[in-house]
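Student: I'm new to this one. Could you walk me through it, one question at a time?

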Amino acid sequence: MARVIISSVGYTRVGDHWDKSILDLAVEAARKALKPYPNIRPEVIIVGNMFSSQSSKQEHLGALLASALNLTGTPAFKVEAACASGGVAFNVAYSKVRSGEVSSALVVGVEKMRDLDVSEASLALSMAESAEYTQFMGASFLSLNGMLARLYMETYNVSRSELSAFPAIAHTNAATAEHAQFRKAISVEDVSRSPLVSDPLRLLDCAPLGDGAAALLLTSEEFNGDDESMVEVLSSKISTDIFSIYERDDMLRFNATKDAASKAFSEAGISVEDVDVLEVHDAFSVSAALSVEAMGFSKEGEGAKDAARGLYALKGRYPALTFGGLKGRGHPVGATGLYQIAELWLQLKGRGNVNQVEGCRIGVAQNIGGVDTTSVVSVLARR
Amino acid sequence: MAISYWRRRDRYYRLLGNRCTQCNSEYYPPAYLCRRCGSESLVDVEMPTTGQILTYTILREVMSGFEGQQPIVIGIVQLDNGVKVLGQIVDTPLDALKIGCRVRLVFRKIRDESNVGQIYYGYKFTALC
Ligand SMILES: [Zn+2]
């Protein structure tokens with residue numbers, strides 16, 4: 001097994017890129033990731049994307065990108081797993097380098113969301129769920145999370161201000177992150193008073209729609225010479241759960257995340273206490289809370305309460321969403337899992353500027369598709 | 001609507017799920033394989049038409065195709081056989097909604113496609129509280 005190194009990263013700012021197409025965004029991120037290593041020609045290109053067919057009437061993204069980068073001949077393809085598309089693309093690229101099949105891989109996540117109006121984007125996102133039994137009834141992805149939030153608050157006696165803690169942490173960190181969609185701090189009160197969109201969820205509980213692309217160059221160890229601060233991928237695991245939340249015995253358990261995290265931590269030889277920096281899938285305040293519980297950072301029912309206690313703040317025990325997370329940095333769905341990894345890379349390299357988590361050595365990223373129907377958990381370490 | 005509606009109309013019109021002939025577990029939507037015992041032997045069975053609200057939300061930003069219907073109340077209902085079903089909750093004042101409310105199944109229009117005149121029907125729930 002080869003040791004897998006993240007040699008470089010590239011990304012666009014997340015936001016409204018009215019003047020850029022899905023290919024423009026993917027090329028921009030990919031070229032930034034390739035630039036530091038002009039002599040490396042990636043042996044495979046993997047693209048993470050969820051709904052380019054909806055947003056851009058474009059599929060076949062792998063060959064499209066390979067051609068644009070003058071990398072024809074290179075195997076190139078898209079992988080899709082709803083909002084986990086980026087994390088799954090990373091996992092596939094990692095596995096190919098890890099196995100020795102290739103010694104370098106370019107992985108690019110991209111999503112173009114703002115060409116759709118809000119109701120079309122909502123429909124596109126709902127394709128992560130059952131078309132026949134969820135979408136058909138008018139239940140958007142947002143509404144599923146609204147129902148989950150109500151159940152969570154009721155079951156564990158979680159207050160409105162406790163639920164608002166994760167979005168407030170996200171925005172505090174996004175305010176000083178150059179690539180974030182919202183470089184603006186918001187308070188717990190701002191979240192708690194924002195308009196209801198799918199109650200009890202309010203506008204500021206929910207990640208925004210945005211365009212963006214993020215890319216990584218993965219290589220086996222030998223390309224990296226004696227770089228003192230190599231970032232190594234220790235493990236990456238995918239798991240899946242029963243498809244719809246209403247088919248599950250306990251709707252408040254993120255079983256896929258629990259399973260993926262347990263396997264990823266075990267393979268990396270780490271435990272929860274070893275984690276220095278954490279990127280969780282905070283598409284909604286409630287999903288952040290259930291995610292940290294499933295991975296073991298908080299006890300059941302304590303995720304939002306722990307966030308309110310400061311556990312996940314930049315100076316807390318487990319700094320999370322360190323450049324704003326999905327809520328503040330933004331959530332261009334197929335790119336999100338790769339923004340998370342790129343941000344861990346910045347942290348582990350010590351390039352976090354004002355958002356730097358001092359002395360961090362182990363980072364964890366968790367990226368989910370659907371309501372934790374697919375989950376990818378990856379562990380990175382500074383060598 | 002992109003999905004083939006007619007293929008599933010018995011499921012939508014009558015809440016037709018299925019039951020495992022080995023362990024009697026019941027499913028809606030119907031399961032392909034029993035999730036409890038793995039059996040491939042499942043037979044169609046109609047679900048009970050009453051239950052209670054486990055959770056719900058009032059959706060104010062609707063998806064494409066549901067314009068003009070907002071706000072939509074969506075709930076997850078536990079039927080009296082224990083099976084959980086997602087559906088809209090209608091004919092109920094918003095301030096009367098509560099977790100634990102009893103509901104019963106009703107047959108309603110889900111949406112129409114004004115450009116082609118297609119009308120989609122299916123189940124919803126109405127609260128008895
Ligand atoms: Zn059975």
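Tutor: Strands here are DSSP runs of type E with at least two residues, while helices are runs of H or I with at least four, all numbered from the N terminus. Before going on: this is a predicted model, where local features need pLDDT of at least 70 and side-chain atom pairs count only at pLDDT 80 or more, while totals for chains, interfaces and linings use all residues. Residues are numbered from 1 along each chain as its sequence is written, chains are lettered from A and ligands numbered from 1 in the order in which they are written, and side-chain values use heavy atoms, leaving out hydrogens and water.

Student: What is phi of B:Asn24 near?

Tutor: B:Asn24 is a residue other than glycine, yet its phi is positive. The value is near 65°.

Student: And is B:Asn24 buried or exposed?

Tutor: Buried means under 20% relative accessible area, exposed over 50%, and partly exposed in between, using a 1.4 Å probe and protein chains only. B:Asn24 comes out at 54% relative accessibility, so it counts as exposed.

Student: Then B:Leu15: is that one buried or exposed?

Tutor: B:Leu15 sits in the loop between helix H1 (9–14) and strand S1 (16–20) of chain B. It isn't a glycine either, but has a positive phi of about 50°. Its relative accessibility is 0%, so B:Leu15 counts as buried.

Student: How many disulfides are there over all chains?

Tutor: A disulfide is a covalent bond between the sulfur atoms of two cysteines. The rule used here is a pair of cysteine sulfur atoms within 2.5 Å. By this rule, the count over all chains is 1.

Student: Which residue does the disulfide join to B:Cys101?

Tutor: B:Cys101 is in the loop between strand S6 (84–90) and strand S7 (102–113) of chain B, and its partner is 28 residues away, in the segment after strand S8 (118–127). The S to S distance is 2.1 Å, and the partner is B:Cys129.

Student: Which residue does a cis peptide bond join to B:Tyr28?

Tutor: Look in the loop between strand S2 (26–27) and strand S3 (42–46) of chain B. Omega is about -5° there, and the residue joined to B:Tyr28 is B:Pro29.
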